[in-house]
Amino acid sequence: MTLINEMLTRPLDPSYAASAARRVAAGEPPHTSVGTVLVTLTAILIGLLLAVAAGSVRRDAPTAQGVRAELIDQITERRDVVEERSRAIAARQQEIAGLEAASLAGAGASLTARLQRLGIDTGSSAVEGPGLIVSLADRPGPADPEATGVDQGKVLSRDVFIVVNGLWQSGAEAISINGQRLTVRSPIRFAGAAILVNFRPISPPYEISAIGDPDQLPELFAQSVGGAYVKSLSDNFGIVTSVTAKDDISLPGATRVSIDRARPLGNGS
Amino acid sequence: MIPALGLLAGIVIGIVLKPDVPIWLQPYLPIAVIAALDAVFGAVRAVLDGIFDDKVFVVSFLSNVVVAAFIVYLGDQLGVGSQLSTGVIVVLGVRIFSNVAAIRRHLFSA
């Protein structure tokens, strides 16, 4: 309490009173001039301090904004490059397919059929057929402010690959997620707040399309771990899910199927 | 009058020259500003009380700034920099307000 009383009742520096008393005792006036060199210099210093403090705050804000805008520009620019190259790859693949068909025209139907078969098996060819579409979307509305840590209503990469595994298990023959065809070399990863499929970021809603037997796939998926998981996602965490059977789904071909190093066993040099 | 002109001159110099503040000095700027304001209001009150002393003013300004900066520096080293900054701001803020109240009593007798 002494400390608080001291602070509240005697806010003026006591040395002012002390030096005034000393001057009075010496027969001088109790106060000195306000306009001395010392006071003026200190006043200039204080003004400088105020201006510098205000200036340093003002100057930092635009710099941060500029850096942010630059980063956003870089992101959109790189994304455009990726889009453009993906389109180029798709065009080249089509070109290759055309050339293959042309050069194989004389080689017989069996070879063409085999090539098509391989394209479908590896996922490099676009395919269509009956199947199932499972869609997952983040819980609508703002994130729960009460929730600590991770937002429970957000779809995670784990959710996506449990559904994908459930679909494979239920006899799916080809799967793509938001237009990214899954092949033997397709990872489903989590990077920061984004889900990456085939090393490409995808954004919600996540639409997982699978081609498979129309009579068995929906039923088997509903019974599988994946189907139960989808149901628990919507029941427990408010994630918007839907499972729709469709007669005709078309999936794009994968853009990245080349294998350079792996060789058939026993065929080594 | 002369100190007020000096203050204005200092502000103008700061705005015109725009000196670069080193990064390590930046956390101390707000504290230094609060300490400076405390010294200025204390001085104004002393003038009105008729007991102003130029040496006391300069010394109180410098010691305010140095002690406040030292407390914040110490806090930064101990990991409680923001708490100690808050402490400095509260103490000096209380002083500023009661000095301003005294100035107001002098000027408007209210």
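Start with chain B, and select residues 29–48, 55–74 and 80–98: an unreviewed UniProt entry marks these three stretches as "transmembrane region". Keep in mind as you look around that this is a predicted model.

Zoom in on residues 55–74 of chain B. The span is 100% helix and 0% strand, and its end C-alpha atoms lie 28 Å apart. Now switch to residues 80–98 of chain B, where the chain is 95% helix with 0% strand, and the end C-alpha atoms are 28 Å apart.

Next, show chain B as a whole in cartoon view. Of its 110 residues, 42% count as buried. Looking at contacts in chain B with a separation of 6 or more, 71% join residues 24 or more positions apart.

**Where the chains meet**

Bring chain A into view. Here 41 residues of chain B are in contact with 36 residues of chain A. About 3,500 Å² is buried between the two chains, and carbon and sulfur atoms give 76% of that area.

Which side chains form the salt bridge between the chains? Select A:Arg23 and B:Asp53: they meet at 2.2 Å, N to O. The count between chain B and chain A is one salt bridge. Across the same interface there are also four residue pairs in polar contact, with both residues at pLDDT 80 or more.

Color the helices of chain B to see who takes part. The largest share, eleven residues, comes from α2(B). Sorted by class, this side of chain B has 24 nonpolar, nine polar and eight charged residues.

**Along a loop in chain A**

Move to chain A and pick A:Ser170, in the loop between α5 (157–169) and β2 (174–177). Is A:Ser170 buried or exposed? With a relative accessible area of 5%, A:Ser170 is buried. Its side chain reaches the backbone nitrogen of A:Phe221 at 3.4 Å. Beyond residues up to four places away in sequence, A:Ser170 touches A:Leu217, A:Leu220, A:Phe221 and A:Ser224.

Stay in that loop between α5 and β2 and select A:Glu173. A:Glu173 is exposed, at a relative accessible area of 62%. Leaving aside neighbours within four places in sequence, A:Glu173 is in contact with A:Trp168, A:Ile211 and A:Gly212. Try the distance tool on the C-alpha atoms of A:Glu173 and A:Gly212: they are separated by 5.4 Å, although the two residues are 39 residues apart along the chain.

Most residues other than glycine have a negative phi. A:Asn178 is not a glycine, yet has a positive phi of about 45°. Find A:Asn178 in the loop between β2 and β3 (180–181) of chain A, where it is partly exposed at 29% relative accessible area.

Then jump to A:Phe199, also not a glycine, with a positive phi of about 65°. A:Phe199 sits in the loop between β5 (194–197) and β6 (200–202) of chain A, and is partly exposed at 45%.

**Charged pairs to finish**

Over all chains, the count comes to eight salt bridges. One of them joins A:Glu83 and A:Arg200, at 3.3 Å, N to O. A:Glu83 lies in helix α3 (residues 37–104) and A:Arg200 in strand β6, so this pair ties together parts of chain A that are 117 residues apart in sequence.

Another pairs A:Asp138 with A:Lys154 at 3.6 Å, N to O. Both lie in the loop between β1 (127–137) and α5 of chain A, 16 residues apart in sequence.

For the last stop, select A:Asp235 and A:Lys231, whose side chains meet in a salt bridge at 3.1 Å, N to O. Both lie in helix α7 (residues 225–237) of chain A, four residues apart, about one turn of the helix. A:Lys231 counts as exposed, at 51% relative accessibility.

Technical notes: Residues numbered from 1 in each chain as written. Chains lettered and ligands numbered in written order. Predicted model: local features only at pLDDT ≥ 70, side-chain atom pairs only at ≥ 80, totals over all residues. Heavy atoms only, no water. Contact = heavy atoms within 4.5 Å. Buried area = accessible area lost by both parts, 1.4 Å probe. Salt bridge = Lys/Arg side-chain N within 4 Å of Asp/Glu carboxyl O. Polar contact = N/O pair within 3.5 Å; in protein donor to acceptor, adjacent residues only side chain to side chain. Helix = DSSP H or I, 4+ residues; strand = E, 2+ residues; numbered from the N terminus. Nonpolar A, V, L, I, M, F, W, Y, C, P; charged D, E, K, R; others polar. Buried < 20%, exposed > 50% of the residue type's maximum accessible area, 1.4 Å probe, protein only. UniProt positions renumbered as here; feature names shortened; annotations may be inferred.
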